[in-house]
Amino acid sequence: MTVQDIAQDYLKTGKLACLPDGHFIDGRITAASNRKMESFDPGRAEAFAEFSLGTEADMDRAIEAAEKAAKHWRQVAPGERCRILNAVARVLRENADRLSVIEVIDSGKTLAEACGDVQASARLFEYYAGAADKLDGRSVNLGPAYTAFTVREPVGVTGHIIPWNYPTSTFARGVAPALAAGCSVVAKPAETTPFTALVMAELLSEAGVPDGLVNVVTGLGTDVGAKMAQDPRIKQLTFTGSVTTGVDVARMAAPNVTRLTLELGGKSPLIAFEDADPEKVADGAYWAIFSNSGQICSAGSRLIVHKSIRDEVLAILADRARKIKTAHGLTAPDMGAINSDLHLSRIKAHVDAAKARGANILTGGDVTTDVQTGKGWFFQPTIIADLEPDDPAVQEEIFGPVLAVQNFETEEEAVALANGTQFGLVAGVYTNDVGRSMRVAAALDCGQVSVNDYWAGGLELPFGGNKKSGYGREKGWEGLDAYTKVKSITISNAS
Ligand code: NAD
């Protein structure tokens, strides 16, 4: 069946065959209790399946299986780990069509976005397959009296708390380096997107990942997520989600001194200087905020634009935003749905509050539906212009297709505005002046900067935030650091 066949079948029946029913523990889907929760298709605002609400006992079994498997996996030759991870990449690609459709129905994104995420997930396994046999230490020169060197050892069982905006690729960006480093995994997908992690765990097993090495428990963050965060057998916790929950998770992990990677929110700026091409700026800003319906931690949710090009940039951008077709992700829209009813109401509350403050809303500003069916959870592409630095629309993460625009005159002012929030995840700089781009990149307090292309970069580069955007880095070679611990060994050369 082609991806279109699978999509059409779902659109006709509202059902998808062979979704996993239970948790994935110790190499198989396990029977779960009768505690179930419905999973909704955001593009229709209708339930399409049920999944298991895990218990602390389910999480306990998963961690136990992972602990057993970690002991064996750390002894497996690096070349063999490399072979298995490459096989995972191949199996993910072979199953990309079905996985992508499930991702659309679970998350609300468009099929094109989901296909991109699945391909990126396969690439992550391929990238870290190449790292598995290159995790070398270094020799250290202490003079003739000693021989000294370091080794990188796996940390053991790793826990992964996954958000709903990128369920497939967030799973892959944590699991692939963990396995490459010789660790085992317990993952907990978000309540609104439980299925792709389960299906991926099945596919990993099909590709040869040993039983118990990757386990997935579905359920509520406050139940199974909290149990994972508090369990002393978890040696590294990788969390992606909100600042509030990230702080809770850090608190719960603290008594065990568990290692943490926190990938939290953002309010990332795209700075456009007076010498930038307004067409290019508008195009960059369009994709920066409207990709994945703005539900991206690194979305370019603030446009900081020089006063001399403000009118031209906003005219082009608002015109394109008004033409965006929102519809079910399987029907090739320009923009997909908002992940949940709850999240849609959060976005609406942010924008309603801005309206009540008298904000200059250039376009959008309200909830909407699939243009074809009148169903689903959607928000209009929205641009709010001429905002002051302390406006809540500038300061708070809205996590939807809502762009906050700020104006500036000097380079110093632009940098101060860009750095003027509690977040520091990514930034874009648009200018034809190379010296300026480098000065500004150095002055920005964030984890990554791209020049003249907001989404420049790739999984080969480290990704992560400063300030309340979190700490630790995922992707790239640095993505392995969380899953290895360095041991120094020194030998006396005395006779
Ligand atoms: P959240 O942070 O509550 O959820 C993220 C993950 O944490 C989910 O898997 C959830 O089940 C789990 N979780 C929740 N409570 C937990 C607990 N007590 N212990 C352990 N795990 C727990 O996010 P949300 O409520 O779904 O979304 C709220 C806001 O978070 C959004 O509006 C957005 O601003 C932000 N967000 C950011 C990202 C990101 O990529 N950084 C992703 C999703 C949401």
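Colleague: Between which two helices does the loop with Thr326 lie?

Modeller: Thr326 lies in the loop between helix H11 (310–322) and helix H12 (341–356). Helices here are DSSP runs of H or I with at least four residues, strands are runs of E with at least two, and both are numbered from the N terminus. The model is predicted, so local features need pLDDT of at least 70 and side-chain atom pairs count only at pLDDT 80 or more, while totals for chains, interfaces and linings use all residues. Residues are numbered from 1 along each chain as its sequence is written, and side-chain values use heavy atoms, with hydrogens and water left out.

Colleague: Why does Thr326 count as buried?

Modeller: Buried means under 20% relative accessible area, exposed means over 50%, and partly exposed is in between (1.4 Å probe, protein chains only). Thr326 has 5% relative accessibility, so it counts as buried.

Colleague: What does Thr326 touch?

Modeller: Contact means heavy atoms within 4.5 Å. Leaving out residues up to four places away in sequence, Thr326 touches Pro333, Met335, Thr368, Thr369, Asp370, Val371, Phe378 and Phe379.

Colleague: How do you know that the span of helix H4 agrees with its twelve residues?

Modeller: The expected span is 1.5 Å times one less than the number of residues. For H4 (residues 96–107) that gives 16 Å, and the end C-alpha atoms are 16 Å apart, so the two agree.

Colleague: What makes H4 mostly covered?

Modeller: Ten of the twelve residues of H4 are buried. Among them are Leu99, Val101, Ile102 and Ile105. Val104 is also in H4, and because its relative accessibility is 1%, Val104 counts as buried. Apart from residues up to four places away in sequence, Val104 touches Lys109, Thr110, Leu111, Ala114, His328, Gly329 and Leu330. H4 is followed by Gly108, whose phi is positive, near 100°.

Colleague: What is the largest nonpolar core, and which residues have the most contacts inside it?

Modeller: A nonpolar core is a set of buried Ala, Val, Leu, Ile, Met, Phe, Trp, Tyr and Cys residues joined through side-chain atoms within 4.5 Å. The largest one has 70 residues, and Phe125, Phe171, Leu179 and Val214 have the most contacts inside it. Helix H5 (residues 111–132) gives the largest share of this core, eleven residues. A second, separate core has 34 residues, including Trp164 and Phe290.

Colleague: At what angle do the axes of helices H6 and H7 cross?

Modeller: The axes of H6 (residues 167–180) and H7 (residues 195–206) come within 10 Å and cross at roughly 40°. That is why H6 is called oblique to H7. Angles under 35 degrees count as roughly parallel, over 145 as roughly antiparallel, 65 to 115 as roughly perpendicular and the rest as oblique. The residues in contact include Phe171 and Leu179 of H6 and Met200 and Leu204 of H7.

Colleague: What is the phi of Asp386, and what is the phi of Phe399?

Modeller: Phi is near 55° at Asp386, a positive value in a residue other than glycine. At Phe399 phi is near 60°, again positive in a residue other than glycine. Most residues other than glycine have a negative phi.

Colleague: Why is Asp386 called partly exposed?

Modeller: Asp386 has a relative accessible area of 33%, so it is partly exposed. Asp386 lies in the loop between strand E17 (382–385) and helix H13 (392–395).

Colleague: Is Phe399 buried or exposed?

Modeller: Phe399 has a relative accessible area of 16%, so it is buried. Phe399 lies in the loop between H13 and strand E18 (402–408).

Technical notes:
Axes are lines fitted to C-alpha atoms, for helices over the stretch in contact, and angles run from 0 to 180 degrees between N-to-C directions.
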